[in-house]
Amino acid sequence: MKITKRFNRVIKPLKLINPSSSNDSKPHTNNTKPSLKLKSKSKPRSKIKQKSDLYSKPIFLADKAVILGPEFYQMDALDLAPRLLGKYLRRDDVVLQITEVEAYRSNDSACHARAGVTSRTAPLFGPGGHAYVYLCYGLHNMLNVVADKQGIGSAVLIRSCAPVAGLETIKQRRGLDTEKPVLLTGPGKVGQALGLSTDWSNQPLFTPGGLELLDGPDVTNVVVGPRVGIDYALPEHVAALWRFAIAGSPWISAPKITLSPP
């Protein structure tokens with residue numbers, strides 16, 4: 001399959017909207033001296049903070065949750081990545097909402113596909129819609145969503161999520177009694193919160209009762225930046241803006257300073 005060269009492009013189908021932008025024109029400059037008898041009583045403008053498309057504690061209706069079918073994943077990882085924002089991951093009583101992702105493509109020197117098909121990377125070359133879970137530094141189980149068709153070798157790393165349901169289970173698995181973003185801002189934390197191991201690699205995400213990926217609200221307010229921890233890759237891949245996050249969400253991993261509107 002021919003892979004298009006899209007190293008630094010922005011996804012066209014998404015309409016990225018900056019909610020803090022305004023149609024107001026610049027204030028008119030008046031050189032006339034103001035009357036001494038009149039005093040302006042207008043209130044100073046308050047600063048408008050950029051808000052996320054989603055609430056920090058999103059509402060999830062379990063009875064209306066729809067599992068995304070395998071056809072949803074049949075696209076390039078760079079196209080799939082921003083579309084995963086706002087979607088839900090569910091395992092048992094735990095439900096997480098995806099807030100930050102990174103795309104890894106087959107012709108990408110930062111992708112595990114560069115090593116070819118091995119016992120570890122075999123699920124990465126499977127059909128889109130399956131999990132690719134690998135152990136990082138012997139400690140962290142990292143969840144990736146396999147993209148595209150079988151044999152391509154591309155995926156999207158789930159970097160951060162927001163808790164939606166099963167908070168006590170999440171805390172227990174994480175060994176951390178807090179509701180602050182530190183609970184889930186990082187790929188290893190997401191894997192731990194879901195109770196994943198490498199045994200979950202190659203698990204279909206569209207089969208009920210396992211690890212499920214559910215439909216969620218479309219996200220239009222996105223920030224982008226270079227991926228994290230890939231200094232070993234080629235310069236063009238290190239600099240590629242293939243990290244996507246929901247703008248204004250507190251559930252984003254460090255560094256945040258490298259993320260900005262496209």
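**Questions about a predicted model**

Visitor: Leaving aside its neighbours within four places in sequence, which residues is Phe72 in contact with?

Guide: This is a predicted model, in which local features need pLDDT of at least 70 and side-chain atom pairs count only at pLDDT 80 or more, while totals for chains, interfaces and linings use all residues. Residues are numbered from 1 along each chain as its sequence is written, and side-chain values use heavy atoms, with hydrogens and water left out. Taking contact as heavy atoms within 4.5 Å, and setting aside the neighbours within four places in sequence, the partners of Phe72 are Leu80, Arg83, Leu84 and Lys87.

Visitor: Is Phe72 buried or exposed?

Guide: Phe72 lies in the segment before H1, where helices (H or I, at least four residues) and strands (E, at least two) are DSSP runs numbered from the N terminus. Its C-alpha atom is separated by 9.6 Å from that of Arg83, 11 residues apart along the chain. Buried means under 20% relative accessible area, exposed over 50%, and partly exposed in between, with a 1.4 Å probe and protein chains only. Because its relative accessibility is 18%, Phe72 counts as buried.

Visitor: Why does Gly248 fall into its accessibility class, and what is that class?

Guide: Gly248 is found in the segment after E8, and its C-alpha atom is separated by 8.5 Å from that of Asn221, 27 residues apart along the chain. Because its relative accessibility is 45%, Gly248 counts as partly exposed.

Visitor: Which residues in the largest nonpolar core touch the most other members?

Guide: In soluble globular proteins, nonpolar side chains tend to be buried together. A nonpolar core is here a set of buried Ala, Val, Leu, Ile, Met, Phe, Trp, Tyr and Cys residues joined through side-chain atoms within 4.5 Å. The largest such core has 43 residues, and those that touch the most other members are Leu84, Leu96, Val101, Leu143, Ile158 and Leu194.

Visitor: Which elements give two or more residues to this core?

Guide: Several helices and strands take part in the core. Those giving two or more residues are helix H1 (77-84), E2, E3, E4, E5, H3, strand E7 (222-225) and strand E8 (243-246).

Visitor: What volume does the largest pocket have?

Guide: On a 1 Å grid over the protein atoms alone, a pocket is an open set of points where a 1.4 Å probe fits, with protein on both sides within 12 Å along at least five of seven lines, and lining residues have an atom within 4 Å of a point. Grid points are joined across faces, edges and corners, and a volume is the space filled by probe spheres set on them. For the largest pocket, that volume is about 640 Å³.

Visitor: Which element gives the largest share of the lining of the largest pocket?

Guide: The lining has 33 residues, of which Tyr134, Cys136, Tyr137, Met142 and Leu157 lie nearest the centre of the pocket. Elements that give two or more residues to the lining are E2, strand E3 (131-136), strand E4 (140-147), E5 and H3. The largest share, 5 residues, comes from H3.

Visitor: Which residues of helix H2 (residues 167-174) are buried?

Guide: Cover over the buried residues of H2 includes strand E2 (94-104), strand E5 (154-165) and helix H3 (187-193). Just after H2, Gly175 takes a positive phi of about 65 degrees. Within H2, the buried residues are Thr169, Ile170, Lys171 and Arg174.
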